[in-house]
Amino acid sequence: EPALIFDLGGKFDKSFNEAAYRGAERWAEETGGSYKELEMQSEAQREQALRRLAETGANPIVMTGFAFGNILNEIAPDYPDTKFAIIDAVVDQPNVKSIMFAEQEGSYLVGVLAAMASESGTIGFIGGMDVPLIRQFGCGYAQGAKAENPDIKIVANMTGTTPAAWNDPVKGGELTKAQISQGADVVFAAAGGTGIGVLQAAADGGILSIGVDSNQNHLHPGKVLTSMIKRVDVAVYEAFKAGEDLETGQSVLGLESDGVGYALDDNNASLITDEMKAKVDEIAEKIKSGEIEVHDYYSDNTCPALNF
Amino acid sequence: MHEAVTDTGGRPATAAPNAIELRGISKAFGPVQANKDIDLRVPQGTIHGIIGENGAGKSTLMSILYGFYKPDKGEILVNGRPLTIADSLTAIKAGIGMVFQHFKLVQNFTVLENVILGAEDGRLLRPSLAKAREVLKRLAAEYQLNVDPDETIDELSVGHQQRVEILKALYRQADILILDEPTGVLTPAEADHLFRILEGLKAEGKTIILITHKLREIMEITDNVSVMRRGEMVASVKTAETSPEELAELMVGRKVLLNVEKAPARPGEKILEVRDLTLVDDEGVERLRGISFDIRAGEILGIAGVSGNGQTQLLELLGGFPEKGSKSGGTIRMNGQELDLTGTMSDASTRRARGIGHVPEDRQAEGLIMDFTAWENTAFGYHRAPEFNRGLLMDNAAIRADAETKMEHFDVRPRNPNLAARNFSGGNQQKLVVAREIERNPDLLLIGQPTRGVDIGAIEFIHKRIIELRDAGKAVLLVSVELDEILSLSDRIAVMFDGRIMGERLPGETTTGELGLLMAGITDTAHADASEGIPPEHKHVDEVSGERG
Amino acid sequence: MDKMPKWADVILTPLISLILAMAISAIVILAIGESPWLALKTMIDGALGSSYGWGYTLYYTTNFIFTGLAVAVAYHASLFNIGGEGQAMLGGLGVALIALALPWPHWSLALPAAMVGAALFGAAWALIPAWLQARRGSHIVITTIMFNFIAAALLNYMLVNILKPAGTQDPASANFPEGAHLPQLTEMAAALGIEWGKNTPVNITFIIALIACILVWLLIWRTRLGYEIRALGRSEPAALYAGISPVRITVIAMLISGGLAGLMAINNVMGEAERLVLNAVEGAGFIGIAVALMGRNHPFGVFLAALLFGFLYQGGGELALWTSIPRELIVVIQALVILFTGALDNMVRMPLERIFLALRGKGHA
Amino acid sequence: MDFATIIQILDSAVRLMTPLLLACLAGLYSERSGVFDIGLEGKMLMAAFTAASVAYATGSPWLGLLAGIGGSMALALIHGLASITFMGNQLISGVAINFLASGMTVLLGQRIFGLGGRTPSLTDGGRFGEIILPFADALRDVPVLGPVYADLISGHSILVYVAFLCVPLTWWVLFRTRFGLRLRAVGENPASVDTAGVSVTRLRYASIAICGLLCGLAGAYLATGLSAGFVKEMTAGRGFIALAALIFAKWRPWSALFATFLFGLLEAIANRYPNLDLGVITIPSMFMNALPYILTVIILAGFVGRAIPPRAGGEPYVKER
Ligand SMILES: Nc1ncnc2c1ncn2[C@@H]1O[C@H](COP(=O)(O)OP(=O)(O)OP(=O)(O)O)[C@@H](O)[C@H]1O
Ligand SMILES: Nc1ncnc2c1ncn2[C@@H]1O[C@H](COP(=O)(O)OP(=O)(O)OP(=O)(O)O)[C@@H](O)[C@H]1O
Ligand SMILES: [Mg+2]
Ligand SMILES: [Mg+2]
């Protein structure tokens, strides 16, 4: 029986935990199997949850979030017969599969789209709490936009410095309005529950927004330019499907493996012109082929395209 | 048994019907039986005194009558009709007004606002205020109860605050007025003024109930008097048919010496020399304007004066804790050494180290920590003394033992050092403070209002101790608004007015009348020479501040 | 004389209140369609049923003891320190800086140094509010609230821009060196030949917390400083009369309070995570307020209340882990426990007092 | 910074300050009557949840508003029960209420909507829209006053105007009516009110109810005015900021307006300038985020003297011990 552990944000964080949950659900639906899932209360429970799950015989155990990295590294050797999969962190143990996403690549694409859709030459980025992951999103986005339009102005805001920053749609909305008044006509929200407020305010303010993690185009049809998709659901689904035969080692899910991408569906079909689509798809190919290299924020904690 | 006493002594002094009749009132606060089966009859148009030791249950009884507390059992009849007084509103409607021992005024409201509170006409304030302004003007003229209606309460002297309380009752057209220890905070002149008002009210047919610890007042103004002891009503008698001695004995249950006996003073060396002391408070008001005096070993210098004329500031400055933000000047010498007035060595603990003991005017706010136990309080201020400490820790056993001794010496009741200070009666709280300060055997004792609100048994005791200290060759600076107290304890008397010493008198050679004039700021040049240590420029008649009566 | 025996006041009343809180919780659980009995069993088993459960319960207890003591000490000086959260965050920073500064050879050297760092940083974070309160009269409640936010920003900055090693995703400091790892209680028990609390985060800090309880008790009730703190807390005019300097005592009390809050970091940062992560405090600073108030600001009461909250945390964590009951239920249960034992206690006490008075009345008759 | 930017920042400040102002006035009623309230946060949160839920279910923001008030009042009643009737510790009760709201909203939300505590997004009909004041567009071109009227004064949700009207109203109630006189008195010296024949309990419950009502408005504004639905913990500490503003304002209505405006303005400025480039150094975004709090401390220390709370505040009125 596989198991899934959510990070502290909780299962319904409107973000990657929720995506993981959907992946697991899809697996359960398709196979009719059952799985264990855990939500934690506190930092100290990471270890508790992992060990207890391993002891109940769950296999594989999938966890979302970089914060598990450290602990997993410690305890994986204690359970050599259990397979672990960790999303968003690299853990170098024989029984661990580390799944990383190249968020910068997907963000790059939506950055290109944003720059193309923008008429004002100003676009916005709204992050949740100021953590490296969010900077990674923002940095890729800025690179894409700048590549498309070197003169573009990017207004970037972080919502706050406490976990409340993930759940503050009011502030998200207000930041959006502030960006609108600075001329932004496309905003990209990478801010969990705060993003709901961003998308709402953008729709109200008559500008376009870009969703994150899962396809959020449906939230305001015709007003969400696209969503930067991070296929955590696929990662979880695949891991569950592989079951005990899960292949360990490192994998980086980028454009190449469809781990990240931009969303195109009925809701935004009218917003993405053929020209735009052709352009991003071309760029996507170039990224896959390595012709375009997107800077990885983690590599040196800096971003060439945007100042945080 | 008290039934019998009441029946023989408690007959109405006049044939008028009873304004108030209480039957079998009982009230317990948890395990404390504050009132036990109390009967009381107060005929209309009379002044009825109630006396009793601290904690006897007087305030409780009156509060029940006013609907503040609910009695456990018993009946109340107002003007002959039974009445269930569930809250103060009922009492007010029945024509009862009460001036509490601790005033129930809103400190940052104006006089006018306090007066109309709860008795407004309509939902908007403006008409009520306008009406009250008129009524107050009338009442003020009628009863000589002048107060500025727009002044806030915390700007007023205690005497004036009391006027506000009386005005509140009159504004509500009270026919029955209860006053709980009204004179405790008043000067003799103010008290006389109050009594004239009360007599005026009585003449109008109003009924007055007066709680006091001062037998002189009972004899002077009441028609009947009831005595309470330990929650019971032990006697009700016509005032004309009793004597202070008898009342005192009824109250305390033993004979009490009403007058202080003391030998003539034998002054020794100068202990305290004060020269040109000035103090300006943080609002820029000059509180002390060049005070100079000496106190010698073995003498008591009494400072008389209406409260609010700088006595508090003088005591606090000498004690080492002048009000925050105030500035002071002049010199103080203690045993010939100059005291630091402003620097780091000017706090209260350094003063104690120099041998100054201090019984503050306000025992509940300053002298005691009400939530601390008695034993913790008996070390308060001396808690750094070596005998109370063992290394880093305080020696609680030693402090407790010391507390037990002090409580025994001063007959503090109940003699339980583990009881919190707030659970002692006012008199016993005062004994705790006095015991702490006197037993340290200070060279100089500063003592403010030593017997305010304290019953006669305790007064007798505290007075004796002060004199013993003097006879042991110590200096005492006594501040009191009670002229009787000043006259009977002091070896020399200085009168303070508006931050100055108006003159010094010897107790045997002066009268209350003369002191009263000085307290009002009026110097008589004929006596001026007797006052030593006062610079001549201070011997003129001062502008009489309008605030004070 | 008291209205009822002391045991009734300190044991019976809270116990009945607790039962009431649990009863209401049970109704809430029923209302969301789950079994209260199962919930209770899971909580008790999970938190107290094994040395493993205890290991976690005591770990949380340790956190709450420190923040609870911090609030309590300030409260005795009548200062309401809502800033435990920020002070504990800064304590974490202090621990991290010290732990990472040297290649510590052994924990016995690292621990005292880290304690100093934790306490100093925590105290420093309390100093400005304290000083502003004492000198400028700026309300300590506002300033400590503000300092919580500022601390979060500072920590965020330190971790993301300065302490985070390059190449990692995690906004966290590097792992502490081996020599700065604290002995877990498991290991200490094993040294005595007892197998206890395997793989639990409770560590030597728990013992430090117990010692802190005793020291705070000594401080408040046995030292001159404690006497002066209490005196100032009850009455400022009286303190002045007794020669106690309000400025000095206010500042000292807050420094101690902040230091205690900072010391919590020894447990969670050094003892558990062994590195500094964002949001390491996880609201323990606020729980400390409830713990202190429920413990009546007495170290022993704080210990009991911390234990209760440790139980609720661990038991609640187990609920969230092993049942389908959402984890927010725990927050509701905590709220009800705080409400009934801390704020509605008179609802139980008043009738009890009446019963005891009546009984006593009969006894006398 | 040009004029248009100033107007935009002020406009943003107005929106940001509104929930703070409502909560601050709520606290003002409660604390002026002598009942301390650190549960403003919880009441707002509960109100936001009930308002969003009912607005979603009925499609009417007005019904949502009523529900918001109801949710907040229910918690206010618990606070009253604890601190008035049972003379409990007001701080503990406030803490408990914050926990209760934070847990209950998610628990109920998950039970009803299954979205992990979120409510579904409100469609436009379920929200309070922006009110365009008359002639706003026509006057926009008038220099200075035009933009002020059209972009700053006009174009807010009805609750913003209500909040601003509450300031003079509160002042008037407090200082010009019988109720206000008694309310202030009961916070200063409940015994004075009691002995004047007025029920302390009734007065305090009344003020707590008003507090609940205003917190209800604040919560409803968050969920159905500023955003389109409820998200768990969406109050994000605003209740505590409101409390700070209340102390800052020394419990006075006009000062409350000023204090909350200051908070709103500082936040709006921080939003507008996420990392301020001072030439020599760039202030990182974290510190710009903390700027409102840092400046508050500085202002508090430098310009605002001692804040003296209502004298009887925090203490239950106990006559007999
Ligand atoms: N509110 C109260 N709660 C509990 N006990 C009280 C209360 N008020 C008074 N008592 C107790 O009731 C008893 C009677 O007190 P009361 O105030 O009536 O005495 P008193 O005669 O007015 O004393 P004093 O001369 O000091 O004013 C005392 O033992 C006191 O401790
Ligand atoms: N609420 C109370 N609980 C317990 N004891 C009380 C309470 N209120 C008053 N007392 C006690 O009742 C007695 C009389 O109290 P009261 O309020 O009449 O004035 P007091 O404290 O005696 O004032 P003073 O010292 O000025 O006469 C005192 O022993 C006092 O400590
Ligand atoms: Mg009395
Ligand atoms: Mg008395």
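**Group meeting: how the chains of this model meet**

Okay, let's start with the contacts: five pairs of chains touch, and chains C and D share the most contacts of them. Contact here means heavy atoms within 4.5 Å. Before I go on, this is a predicted model, where local features need pLDDT of at least 70 and side-chain atom pairs count only at pLDDT 80 or more, while totals for chains, interfaces and linings use all residues. Residues are numbered from 1 along each chain as its sequence is written, chains are lettered from A and ligands numbered from 1 in the order in which they are written, and side-chain values use heavy atoms, with hydrogens and water left out.

So, chains C and D. Chain D brings 44 residues to the contact and chain C brings 50. Together they bury about 4,100 Å², with 80% of that on carbon and sulfur atoms. Buried area is the accessible area (1.4 Å probe) that two parts lose on being put together, summed over both.

What about helices on the chain D side? Helix H3 (61-85), helix H4 (90-113), helix H11 (238-248) and helix H13 (285-302) of chain D each supply at least two residues of the side that touches chain C. Helices (H or I, at least four residues) and strands (E, at least two) are DSSP runs, numbered from the N terminus. H4(D) gives the most, 13 residues. By class, that side of chain D has 31 nonpolar, nine polar and four charged residues. Nonpolar is Ala, Val, Leu, Ile, Met, Phe, Trp, Tyr, Cys and Pro, charged is Asp, Glu, Lys and Arg, and the others, Gly among them, are polar.

Now over to chains A and D. Here 29 residues of chain A meet 32 residues of chain D. The pair buries about 2,600 Å², 51% of it on carbon and sulfur atoms. Phe12(A), Val170(A) and Glu174(A) supply 23% of the area that chain A buries against chain D, more than any other three residues.

This time the salt bridge count is four. Asp168(A) pairs with Arg238(D) in a salt bridge, and their closest N and O atoms are 3.0 Å apart. On the chain A side, strand E7 (153-160), helix H6 (169-181) and helix H7 (194-204) give two or more residues each. H6(A) has the largest share, with eight residues. The classes for that side come out as ten nonpolar, eleven polar and eight charged.

And chains A and B? Those do not touch, and their nearest C-alpha atoms are 39 Å apart.

Last stop, the metal site in chain B. The magnesium ion (ligand 3) has Ser59(B) (OG) and Gln101(B) (OE1) as its protein donors, 1.8 to 2.2 Å away. Donors are N, O and S atoms within 2.8 Å of the metal (3.2 Å for Na, K and Ca), and water is not among the atoms, so sites may look incomplete. Gln101(B) also bridges the magnesium ion (ligand 3) and the magnesium ion (ligand 4), which lie 4.3 Å apart. Ser59(B) sits in helix H2 (residues 58-65) of chain B and Gln101(B) in the loop between strand E6 (96-99) and helix H4 (111-116), so the pair ties together parts that are 42 residues apart in sequence.

Note on methods. A salt bridge is a side-chain nitrogen of Lys or Arg within 4 Å of a carboxyl oxygen of Asp or Glu.
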